[in-house]
Amino acid sequence: MKFIYTFSLCVFCTIFSSLQAQISDADYIKAGWMTTRMYGGNRSGDGPNWLIMTYGSGKDFVKDADGAYSLKGGWHDCGDHVKFGQTQFYAGYVLLLGYSAFPKGYDDFYSHDYRGYKAGNDFSWEGKKGTPNNIPDILDEVKYATDYYIRCIPNGTTFYSQVGNGNYDHKNWVTSVTMATYAITDGGEASGSRAIKKNPDDGSMVSFCGATLALMSRMYRPFDEAYADLCLQHALYAYQYAAAHKTNAGGGTIEGSFYGEDNMWQDNYVCLLAELYYATGQESYKTEALTYASVIKDGGWVLDYENSEDLAMYHLAKFGNATALAEFNKSTTRYKNAFSGGVMQVGSDWGRLRYTASACFILALQHTLNNDGLIHNALKGSVDYILGVNSQSQSFVVGFGSKAPQKPHHRNVFMNDNQNYTIPTKNKQHGYLVGGVWTGTFPDNIDNYQTSEGGIDYNAGLVGALGYINSIKSPVDQSKFGIFNCKSPQLGADKSLCGLTSIQLQSGLTTTSKTFSWQKDGVTIAGTGPNLTVTAAGTYKVTVDSLGCVTSDVIIISASIPAIQLGEDKTITGTVTLDAGVSGDGLSYVWKKNNITMAQTTRSISVSEAGTYSVTVSGTNCTSQSDEITLLAPPSIVQTTSAITIDGTKDAVYPIGTSIAKQLVGTPTATNLSGNWSALWDNTYLYVFVSITDNDKRNDSGTSWWEDDGVELFIDGNNNKATAYDANDFQWGFIWNRTTAIAGSNNPANSLTGVTQSIVATATGYTVEARIPWTTIGVSPSVGKIIGFDIAINDDDAGGVRENKIAWNASADEGWQNPSYFGSVTLTAAPPQPITQSITLTTGWNLISFNVLPDNTAISSVFASVNASIVKTDGGFYSSTLASQLQSLTTIELGKAYLVKVPANATLTVIGTVTNPTMTTQLKQGWNLVGVPATANQTILSKTNGKPIQTVKSFDGFYTPGGATNSITNFVPGKGYYIQTTAATSIQW
C-alpha cells in the first residue's frame with residue numbers, strides 16, 4: 001500500500017510539473033505578439049486591417065464623420081463594428097500604461113502596415129515574415145487608435161464618444177467590409193456617415209482619451225517629436241473638456257443596452273491628471289490628482305472599462321499617498337485570495353477571463369510599484385491557465401496552443417459573409433481572448449456570448465500581463481529603439497530638515513546618457529548630477545533628459561514640522577491606516593492609544609480596534625506637532641428573542657443608544673435638539689427606538705412634514721448605496737403628534753405596509769418607536785447581513801420651516817433622494833444565553849469533564865467553590881498549595897477529563913456560554929483520559945464502533961466492544977473516561 005501510494009504521488013508530481021512546463025519563455029513572447037497584433041485585426045476605416053486586408057476592398061466605414069469632419073479610424077468593439085468610447089479609450093490607455101510601466105516586455109516583430117506578412121502570404125508566428133520597423137509593435141497598434149483619439153477631441157469643448165448604432169450593427173452577421181456597403185439602418189454607410197455621439201455630459205471617457213494621448217506624447221517622443229507634441233496638445237483639450245464635465249450623466253451609448261455610464265468619473269480623471277503631470281512636469285496636475293485620494297477606494301470589484309479605481313490608486317500611490325497605497329494593496333490582496341483552481345476567479349460570468357486578465361495586469365503594476373522583480377503565483381498561474389494550463393488543456397486565445405477556440409464571436413476572423421465558421425489559415429493566429437470558463441468544459445459556441453465573445457477591452461489586461469512576464473523572463477534591449485534607460489526620477493516623499501543639518505536629494509538614476517538640471521522654488525540652481533545636497537527649505541525639482549525623453553520630479557523640503565492631520569473621527573471597519581503625513585530622517589513619532597504609548601514609532605500605523613489615537617511628531621530645532629483621531633466601533637443591530645411592544649417606552653433589551661450628532665441644518669444646542677437611537681431585529685421585524693431632546697415640539701406644516709419636529713428613518717435593504725432610490729430604499733417620517741408614519745416621495749409603492757409607530761412625550765422632548773416588516777423592506781434578515789441605515793431628526797422651534805436638522809451618518813441633507821449618504825449597520829446574533837452545568841462530587845477523588853466553559857477558565861477559579869486540593873489530567877497537575885509558577889495545569893478545556901480531589905461532598909456549578917458538542921477528540925495509541933463535551937448521553941457503541949478501541953473505563957464501570965458483561969454503555973456528560981486504543985484514532989462528538 002505504501003509503495004503504491006508513493007508511486008502514484010510521484011506520477012502526479014511528474015504530470016503537474018509537465019503541465020507547468022508547457023508554457024515556455026518563448027511561448028510567452030509568442031502570446032504577447034499574438035494578443036497585441038489582435039488590435040490590428042480590429043482596425044476600422046482605411047486600416048490596414050490584417051484580418052480583412054485581402055478581402056474585397058479591405059476597408060470599411062471610411063465615411064464616419066460629423067458633416068465634413070472625419071471620424072474614421074480607431075478600433076471596432078469586440079467582433080462588432082461600432083466604435084464604443086467606453087472600451088475604445090479604456091483599452092488604449094491600459095495597453096499604453098503597460099508599455100510605460102514595463103517597456104522591456106515589448107518587442108518589434110512587424111511594421112504597422114503588416115507588409116511583410118502580406119508579401120509572404122504567411123501571417124503566422126512560425127513563418128517569421130514580419131518586417132520590423134524599429135518601433136515596438138504595441139506603439140504601432142496604439143498609434144492607430146490615438147490617431148482616432150486626436151480626431152475625437154479636436155478642441156477643449158468638443159468630444160466624440162461613439163460612432164455607430166449598436167442596434168443597427170447587430171442586425172447582420174457579415175464582415176465589416178460588406179456591412180459598410182449596407183444602408184445606415186442596417187449598420188452600414190451606403191448613404192453617408194453612421195450615427196455619432198457628440199459632447200456627452202461625461203468626464204470618464206474623455207479622461208481616458210486624454211490620459212492615453214498624454215502618455216503617448218511621452219512614449220512616442222523618441223520616434224516622432226512632432227506627433228508627441230500633437231498628442232499632448234489634444235490631451236490638454238481633453239483635460240479642458242473633462243474639467244467641465246465632472247459627471248457620468250451622459251456616459252451611455254447611442255442605442256441598445258451595450259455599455260452604461262462609468263461608476264465614477266474621478267478614477268479616470270485622476271489617471272488623466274497623473275499622465276499630464278508626467279508629460280509636462282507641472283505640479284498643479286499632481287496636486288489636483290491628490291485631492292481625490294479620499295474618494296478613490298477599493299470598490300470590491302475588478303478593473304474593467306467602468307471600474308478603474310485600481311489604476312487611479314496606482315498613480316496616487318506612486319505620488320506617495322499612503323491611503324491610496326493601502327487601498328491598492330487591499331485590492332491586489334483580494335485578487336490573490338481569489339486564486340482557486342489555477343486561476344483568479346474575479347468579476348462576473350460574462351467574459352470571465354477578461355477580469356482575470358485585468359487582475360493579472362494590476363498585480364504586474366503592483367510588482368512594478370514595489371520594484372521587486374517578482375511574478376506572483378496568482379499572476380503567472382492565471383496567465384498560464386488562459387494559455388492552456390488547465391484540466392482541459394484548453395487555450396482561450398484564438399490561435400494559441402493545440403486546443404484553441406474555433407468559434408469565437410468575431411465576424412471578421414472568418415473572412416466571409418456566408419456564416420461559414422471556419423477560420424482561414426491566414427487568420428488562424430488571431431490572438432483574440434474569449435470570455436472562457438473558470439471551471440468545466442469550454443463550449444466553443446459562437447452564440448454563447450458569455451464565453452465565446454472577446455473584445456478590445458478583454459485583450460488589454462492580458463497584453464499588459466504578458467508584457468510584464470516577458471520583461472522579467474525575456475527583457476528586450478530598448479537601446480535598439482534609440483531609448484536608453486528613459487526612466488523618471490524618484491525624489492520620494494516630502495521631507496523636513498528638522499533634526500538635520502542637510503538632506504541629500506537622490507533621483508535614483510545613473511548618469512549614463514542623461515543630463516540633469518535642478519531648480520529651487522522655480523529658479524535654476526547649481527547641480528548637474530543625479531543627487532543634490534540641500535540645507536535650506538524650498539520646493540526642489542530635478543529634470544532629466546535621456547536623449548530627448550524628458551522627465552522630472554518635485555519634492556518639498558520644509559524647515560518646520562507641518563500641521564498633522566489624522567483626519568476626521570470615523571467608524572472603523574476592518575483595518576485603518578493612520579498616517580502622520582510628515583517624513584524626515586530626523587523626525588520621531590510617538591503614537592498613543594487612549595493616552596497609552598504604543599510600540600509603533602513609524603510615520604504610519606495600521607490599527608483595527610476602536611479607540612482614541614494620537615501622534616506627536618518631534619525633531620530638534622522644530623516645534624513638535626500633534627493630532628488625534630477617534631475611531632468608533634461600527635454600530636450593529638442585535639437580534640432579539642423577546643417580544644417588543646411598540647409603545648414608545650424603551651424595552652430593557654434595547655442596547656445603549658447611539659448618538660445622533662451631525663449637523664445638517666442650523667446650529668442646535670443639546671437642549672434644543674439632540675438624540676440617540678437604538679435598534680433590534682427578529683425574523684419578522686426591524687425595531688427602532690429614538691430618544692429626542694427638544695424643548696419646543698411643533699406640528700403645523702401639513703404635507704411639508706419635514707418642516708415639523710420629527711424623525712426620519714432611512715433604510716437601504718440591499719446596502720448597494722446607489723445615488724437614486726430603488727425598490728429596497730426607503731425614507732419614513734415619524735412626526736410629532738401624528739398617528740401614522742409618512743412615506744418619502746421617492747419610496748417604492750406600498751412602503752407603509754405593516755409599519756407601526758408610537759410617539760410619546762417626555763419631560764425633555766419625546767420618544768419615537770417604530771416597527772418595520774422585513775417583507776416591506778423586501779429582504780430577508782440574517783446574522784451578518786449589512787443594510788444601509790440612517791436616522792435624522794428635524795426641529796421646528798417657531799412654527800413654519802424647521803430651524804435645525806441632525807443625522808447619525810449623513811454629511812449633507814441628501815438622504816431623501818440619494819441613498820449613498822446612508823451609513824451601514826450589521827445584523828448581529830442575539831447574545832448567547834448563559835448555560836449551567838452541575839457536576840456532583842463526592843469526598844475524595846472524582847473523574848469529571850465539562851460541556852460548558854465559563855468566562856474564567858482558570859483552575860483556581862473553576863474549583864474554588866468546592867475547595868479542590870488537587871486537579872490532574874494526563875497533561876498536567878494542579879495543587880492548591882503550590883505557587884502559580886509551579887502549576888503545570890492552569891485552565892480547563894472541553895474534551896478533556898480531570899481527576900479532582902475534594903474534602904467533602906459538593907456540587908460543582910459551572911455557568912458559561914460556550915458549548916461544542918461537535919468537536920473531535922484525538923486519541924493516541926494506548927491509554928487516554930477523555931472528557932465528554934456533548935450535552936446529552938452518547939452511546940459508547942455509536943462512538944467507538946469500528947475503531948481500534950479495546951477498553952473504556954470510568955469510576956462507574958467498564959466497557960469492552962462486544963462484551964457480554966459491560967457495566968457502562970453511555971458516555972455521560974460531566975463524567976470522565978479512560979480509553980485504551982490499539983492505534984491512534986478519534987471520536988467525533
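Which residues form a disulfide, and how far apart are their sulfur atoms? Select Cys 498 and Cys 622: they form the disulfide, with sulfur atoms 2.1 Å apart. The pair links distant parts of the chain, with Cys 498 in the loop between β8 (495-496) and β9 (503-506) and Cys 622 in strand β21 (residues 622-632), 124 residues apart. A disulfide here is a pair of cysteine sulfur atoms within 2.5 Å, and helices (H or I, at least four residues) and strands (E, at least two) are DSSP runs, numbered from the N terminus.

This is a predicted model, in which local features need pLDDT of at least 70 and side-chain atom pairs count only at pLDDT 80 or more, while totals for chains, interfaces and linings use all residues. Residues are numbered from 1 along each chain as its sequence is written, and side-chain values use heavy atoms, with hydrogens and water left out.

Stay on the disulfide. The link of Cys 498 and Cys 622 is left-handed, with -90° about the S-S bond. Cys 498 is buried, at a relative accessible area of 1%, and Cys 622 also counts as buried at 18%. Buried means under 20% relative accessible area, exposed over 50%, and partly exposed in between (1.4 Å probe, protein chains only). A search of the whole structure finds one disulfide.

Next, select Cys 231. Cys 231 is in no disulfide, and the nearest cysteine sulfur, that of Cys 209, is 9.9 Å away. Its relative accessible area is 0%, so Cys 231 is buried.

Now select helix α3 (residues 85-101) and helix α14 (residues 352-370). They pack at an angle of about 35° with their axes 11 Å apart; axes are lines fitted to C-alpha atoms, for helices over the stretch in contact, and angles run from 0 to 180 degrees between N-to-C directions. Show side chains for Tyr 90, Val 94, Leu 97, Gly 98 and Ala 101 in α3, which meet Ser 358, Phe 361, Leu 365 and Thr 368 in α14. Contact means heavy atoms within 4.5 Å.

Move to helix α2 (residues 25-37). Its 13 residues reach 19 Å from first C-alpha to last, close to the 18 Å expected at 1.5 Å a residue; the expected span is 1.5 Å times one less than the number of residues. Among the buried residues of α2 are Tyr 28, Trp 33 and Arg 37. The buried residues of α2 pack against α4 (115-120), α5 (137-152), α15 (377-387) and α17.

From there, select α17 itself. In α17, 16 of the 18 residues are buried, so the helix is largely enclosed by the rest of the structure.

Then select His 410, in the loop between α15 and α16 (449-452). His 410 counts as buried at 2% relative accessibility. Its side chain makes a polar contact with the side chain of Asn 42 (2.8 Å) and reaches the backbone nitrogen of Asn 412 at 3.4 Å. A polar contact is a pair of N or O atoms within 3.5 Å; within protein, one must be able to donate a hydrogen and the other to accept it, and residues adjacent in sequence count only if both atoms are side-chain atoms.

Finish at Asn 804, in strand β33 (residues 804-807). Asn 804 is buried, at 5% relative accessible area, and its side chain reaches the backbone nitrogen of Thr 667 at 3.2 Å.
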